[in-house]
Number of protein chains: 4
Amino acid sequence: MLSFQNDYSEGCHPNILARLNQTNFLQTPGYGTDEICASAAQRIRAACGGEALAVHFLVGGTQANLIVIAAALRPHQAAVGAVSAHINVHETGAVEATGHKVLGLPSADGKLTASQVRQAVEDHENDPDREHMAQPKLVYLSHPTELGTLYSLSELEALSRVCREKGLYLFVDGARLGYGLTARGADVTLPDLARLCDVFYIGGTKCGALFGEAVVISNPAIAQDFRYCLKQRGGMLAKGRLLGIQFDELFRDGLYFSICEKANRQADRIRGVLAKKGVPCLVSGITNQIFPILPDPVLAELEKDFVLSPWGRVDGTHQAVRICTSWATPEENVDELCRALEKIL
Amino acid sequence: MLSFQNDYSEGCHPNILARLNQTNFLQTPGYGTDEICASAAQRIRAACGGEALAVHFLVGGTQANLIVIAAALRPHQAAVGAVSAHINVHETGAVEATGHKVLGLPSADGKLTASQVRQAVEDHENDPDREHMAQPKLVYLSHPTELGTLYSLSELEALSRVCREKGLYLFVDGARLGYGLTARGADVTLPDLARLCDVFYIGGTKCGALFGEAVVISNPAIAQDFRYCLKQRGGMLAKGRLLGIQFDELFRDGLYFSICEKANRQADRIRGVLAKKGVPCLVSGITNQIFPILPDPVLAELEKDFVLSPWGRVDGTHQAVRICTSWATPEENVDELCRALEKIL
Amino acid sequence: MLSFQNDYSEGCHPNILARLNQTNFLQTPGYGTDEICASAAQRIRAACGGEALAVHFLVGGTQANLIVIAAALRPHQAAVGAVSAHINVHETGAVEATGHKVLGLPSADGKLTASQVRQAVEDHENDPDREHMAQPKLVYLSHPTELGTLYSLSELEALSRVCREKGLYLFVDGARLGYGLTARGADVTLPDLARLCDVFYIGGTKCGALFGEAVVISNPAIAQDFRYCLKQRGGMLAKGRLLGIQFDELFRDGLYFSICEKANRQADRIRGVLAKKGVPCLVSGITNQIFPILPDPVLAELEKDFVLSPWGRVDGTHQAVRICTSWATPEENVDELCRALEKIL
Amino acid sequence: MLSFQNDYSEGCHPNILARLNQTNFLQTPGYGTDEICASAAQRIRAACGGEALAVHFLVGGTQANLIVIAAALRPHQAAVGAVSAHINVHETGAVEATGHKVLGLPSADGKLTASQVRQAVEDHENDPDREHMAQPKLVYLSHPTELGTLYSLSELEALSRVCREKGLYLFVDGARLGYGLTARGADVTLPDLARLCDVFYIGGTKCGALFGEAVVISNPAIAQDFRYCLKQRGGMLAKGRLLGIQFDELFRDGLYFSICEKANRQADRIRGVLAKKGVPCLVSGITNQIFPILPDPVLAELEKDFVLSPWGRVDGTHQAVRICTSWATPEENVDELCRALEKIL
């Protein structure tokens with residue numbers, strides 16, 4: 001069986017493993033105060049083009065989301081996200097467990113629009129009973145979204161403008177950021193994110209690391225005392241250098257970008273076959289995730305040789321699935337899948 | 001100006017005020033351990049037909065909602081309510097501030113259905129990723145709802161059955177319960193609520209009391225240590241007898257029922273005029289709240305003499321308003337309003 | 001039996017009750033936005049000598065403490081108080097339930113000193129592991145303290161200075177403030193509190209009101225959005241005018257001061273007898289609470305006619321008790337108690 | 001410089017690294033549902049002698065502490081620990097951030113006694129105002145403690161008996177458990193912990209793993225839905241197998257025990273030299289941590305070649321330090337330190 005199930009099925013890129021092996025008996029101070037973390041943070045600041053950015057390394061995405069949001073908001077304030085946002089659906093109420101409501105806005109493609117955010121904030125501002133409602137104070141986006149869609153630079157700029165005008169924080173969850181930055185046609189860069197967001201994170205877990213997300217903070221109000229916030233929520237790793245190693249390797253010689261770009265190209269090949277065969281998708285995407293809608297017999301045939309992720313029944317005879325490439329996907333596996341699709345469809 | 005704006009504009013029923021005057025220099029132990037509270041609780045247990053029920057007096061509705069829900073749930077568990085539920089919209093994220101997500105289900109009339117709840121719970125149970133989602137554990141209803149609608153006994157029984165079958169708590173917010181229990185055609189009684197719910201409350205603030213909600217708990221898992229929960233959330237009144245007085249008077253000789261019934265009859269009269277004139281309503285109700293949709297000039301004319309609550313624009317020429325009678329509404333005011341409606345419409 | 005058990009055994013001062021009677025059928029807007037609240041807030045601002053002060057009316061002390069502290073702190077920050085502080089001992093972990101640690105400092109008389117606070121903050125600042133500890137950010141004092149002791153103006157000024165120098169908020173719990181302001185020899189005034197604190201509250205419940213605490217906020221960082229914070233924690237009363245009435249009456253013609261002063265004078269008389277008879281006290285106080293240490297047989301004899309509060313056994317033959325006068329204590333009762341003490345001791 | 005600073009300065013035992021290398025391209029399901037985690041859990045159940053035990057793998061100790069305590073307690077309940085307990089001092093208020101008070105009991109050696117716990121619980125039970133206080137419901141111990149001290153089996157049995165009699169949970173933090181289980185003279189075993197506690201964890205981070213703590217739960221009330229609790233607090237690792245690998249290796253052929261025992265023997269050698277030279281210690285211990293009190297010039301001389309942890313000044317001329325051996329300490333380094341101590345002292 002060849003798996004296209006997700007982008008966190010394997011361990012990590014060999015460079016990271018090599019570094020773990022090399023440094024195993026090195027003695028370092030704990031809790032992220034070591035030189036490897038310092039080096040990794042410096043590489044990320046350089047890639048983001050901002051010497052003043054605060055960079056912190058966390059173990060996982062839910063942890064990053066809940067710590068950032070808890071650090072940023074006062075108790076009566078809420079995060080605004082798409083109804084389908086990871087924080088609203090798939091984190092077991094992690095944000096609410098820190099005391100904050102998530103205000104879900106409707107979205108067909110997993111994205112929010114600037115006008116939608118403006119409307120929500122102005123509706124709140126203009127409501128005479130607004131003190132009886134949680135106050136929108138932070139906008140949460142994923143880039144790519146849950147559905148693999150991407151913001152264009154102009155969309156992100158418009159969102160950032162609304163947030164600044166209205167006094168909201170802009171927070172981008174970049175669990176799969178590498179794939180988003182290197183998609184053919186994507187125009188958002190790391191310096192753009194650093195410039196337009198108050199805080200965002202660069203996902204490692206799904207982009208070649210063993211684990212780890214690098215939180216990048218440009219707004220000093222959130223950056224202040226952030227290490228206390230990490231510690232309080234169990235997000236400070238004793239052997240913090242493990243996280244430093246992930247990002248020091250990923251951001252050496254552009255590795256982060258090259259491995260994610262490779263996965264995007266593989267997905268482009270699969271998308272090409274699906275398009276040629278006229279297979280519709282749930283959403284049109286350009287990153288490493290594809291959501292084709294397949295007739296039941298086609299899917300049954302495919303699943304003899306490939307592991308895909310079920311994504312819900314669309315009608316009586318069709319199902320959506322997710323096909324996911326990754327930094328670890330061998331080129332031969334893509335060849336096999338393309339051949340199979342050509343044959344079965 | 002005559003006000004039909006809401007049911008909490010005045011002080012309290014004169015019997016309660018008289019009792020406050022009589023007992024002012026009585027010395028009692030604090031924190032709800034006095035004999036007046038004991039008497040009031042006993043009257044409520046008798047009205048509910050359950051000697052084993054725990055009865056606690058709280059100051060307000062948001063306080064009651066957040067304390068009950070926090071007392072009932074483990075951290076990963078969520079309350080299920082209508083999207084329009086008071087806890088989901090108008091309590092500034094009070095439930096989330098205790099750490100719990102509110103799962104909003106769609107509802108046109110403010111009510112949930114048993115099949116809707118069953119579906120939501122089974123969707124959760126059957127989801128292979130359910131551990132990544134907040135677990136539905138408590139169903140929150142209002143009776144009457146935000147929109148003045150009521151559950152029938154059979155609807156409530158069906159909801160209770162689903163909750164028991166699936167291991168969820170059933171919690172009824174009765175901020176306006178008096179109006180719901182005495183509406184013409186309503187068939188849910190206090191003993192029904194005590195039998196079908198795990199916990200509910202009998203609203204005082206909007207039903208003739210200065211303030212106060214009487215929380216009635218039949219499920220021992222929620223009742224245990226409930227006074228600790230009260231105290232922890234600032235819900236224990238030093239001069240607890242003040243709350244005892246409200247309910248000892250309201251539940252003496254059926255006062256609670258007679259004053260709310262009077263308001264319902266007044267609303268029936270107004271509804272009669274609106275129906276005769278063919279005025280549509282947002283929802284059809286039988287309690288003390290009416291939500292007519294009025295042409296702009298009619299509303300403008302009415303507002304010269306009456307204070308109503310705006311309830312949103314319906315189209316370019318019509319607005320919805322709320323007309324609310326209460327235990328305190330003088331019969332003459334209703335006469336005036338009916339006459340004005342007859343004339344203007 | 002004559003009770004000297006506490007200062008919240010009775011209802012309220014007759015002026016307040018009269019106002020409740022007069023205004024019962026007045027229709028007012030809800031949630032504290034009415035004119036009576038506005039008038040009461042204005043009287044308090046005038047008494048505090050600060051037109052820019054924010055004034056909010058809450059139902060009780062635990063509620064006031066938890067809402068103020070939650071509104072003021074970021075998640076990793078802690079309140080500093082005496083080990084014996086009400087928030088640390090007698091509020092069922094209400095502050096912790098909002099997510100914040102209470103750091104208890106040792107205190108024999110219930111008071112903190114400026115040097116003690118400075119030391120605690122500097123110990124934190126200088127600890128290389130400080131990010132692994134909750135950050136002291138708010139100093140919580142009671143005036144009078146749990147033991148009836150008072151800060152002098154110079155002590156309070158020193159505490160305020162340390163707080164400002166170190167960037168901490170100063171919060172004074174004034175549940176019994178009226179007794180503290182009018183004690184013979186006390187030199188702290190309302191304008192002093194407004195000037196030296198970031199936030200404090202003027203207790204009503206124990207000083208002649210039916211219920212209610214008036215929170216006075218001078219620091220805009222805490223004042224911002226405070227009504228959202230009230231609502232979220234169930235601290236916003238639908239019939240908010242009830243709280244307005246308490247304080248509008250208490251702050252009319254100095255009533256708050258005169259009734260508390262009367263109780264202090266009564267306590268002075270009792271203290272005089274105890275002193276004459278050489279009875280030691282747990283702490284020396286000048287407000288309405290006295291903590292004499294009495295031989296068991298004396299106490300047994302007293303308890304035939306008087307209700308006092310047990311305050312713990314001191315040794316095999318002596319117990320401490322609390323004797324409490326109040327705005328409601330009749331002069332004759334004090335006469336009786338003094339006579340009894342003269343006779344028995 | 002040779003470091004004896006702590007037991008988490010290096011990476012991990014070579015067996016673990018080898019397994020990481022071998023399995024790097026293995027595709028596994030995520031979130032701890034893979035076969036390596038299953039195997040590791042089975043090895044731990046076997047070592048604990050309990051087939052029904054629930055085993056979960058978490059990344060770190062603070063995370064384990066806060067998740068276990070939040071999963072176990074209702075909102076008004078508190079954890080009881082030594083004043084010096086890690087949860088009370090060094091986790092930035094992590095437990096309070098989940099809403100629970102930590103009740104600190106005095107302790108000179110970091111341990112609690114059964115009679116002390118019984119007294120605290122009975123004081124609470126017997127207090128007429130107990131509902132105004134957080135309710136003790138869980139006893140938190142560390143084994144070894146912060147000071148390297150150990151419970152004897154009979155002490156632990158007495159604590160367990162009190163907890164069961166009084167209805168409290170017993171929770172043991174085993175961040176350094178390996179050192180505690182293998183100390184010369186220690187008589188507590190893994191099956192004892194499984195039998196006497198409701199929940200405990202086996203520390204990996206300080207005992208040879210890259211990271212990871214294995215939480216072992218015997219009480220079904222805590223075990224229920226524990227994975228929801230993990231996910232909600234950011235404690236569920238996408239590549240969960242990484243944690244499985246740590247413990248599958250550590251519990252293969254007794255590796256966990258042999259590497260910790262080695263460190264204890266090294267510490268015994270150092271203790272031997274200190275004892276021979278009459279150097280006093282803060283506490284007498286038998287695990288991998290030693291807390292000698294050294295004259296300033298001795299310390300200055302030692303610190304030319306060795307990195308130790310400062311542990312506070314004892315008097316004008318002496319300081320306490322911590323000397324820590326670990327699974328990673330080379331035998332030669334111990335030789336060097338012993339020689340240096342022999343020479344300098």
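1. In this predicted model, helices α13(B) and α15(B) are roughly parallel to each other, because angles under 35 degrees count as roughly parallel and the two pack at an angle of about 5 degrees. Their axes are 9 Å apart. Helix α13 of chain B covers residues 255-276, and helix α15 of chain B covers residues 331-344.

2. Which residues bring α13(B) and α15(B) together? From α13(B) come Q266(B), R269(B), I270(B), V273(B) and L274(B). They meet V334(B), L337(B), C338(B), L341(B) and E342(B) of α15(B). Sorted by class, this contact holds 7 nonpolar, 1 polar and 2 charged residues.

3. T98(B) lies in the loop between α5 (94-97) and β4 (102-105) of chain B. Is T98(B) buried or exposed? T98(B) has 25 other C-beta atoms within 10 Å, and a residue with 20 or more counts as buried, so T98(B) is buried.

4. The surroundings of T98(B) include residues from elsewhere in the chain. When neighbours within four places in sequence are left aside, T98(B) is in contact with L66(B), I69(B) and A70(B). The C-alpha atoms of T98(B) and A71(B) are separated by 9.7 Å, and these two residues are 27 residues apart along the chain.

5. The last point concerns two other chains. The same surface serves both copies, as 100% of the contact residues of chain C recur in chain D.

Terms used
Residues numbered from 1 in each chain as written. Chains lettered and ligands numbered in written order. Predicted model: local features only at pLDDT ≥ 70, side-chain atom pairs only at ≥ 80, totals over all residues. Contact = placed C-beta atoms within 7 Å. Axes fitted to C-alpha atoms, helices over the stretch in contact; angles between N-to-C directions. Helix = DSSP H or I, 4+ residues; strand = E, 2+ residues; numbered from the N terminus. Parallel < 35°, antiparallel > 145°, perpendicular 65-115°, else oblique. Nonpolar A, V, L, I, M, F, W, Y, C, P; charged D, E, K, R; others polar. Buried ≥ 20, exposed ≤ 12 C-beta atoms within 10 Å, placed from the backbone.
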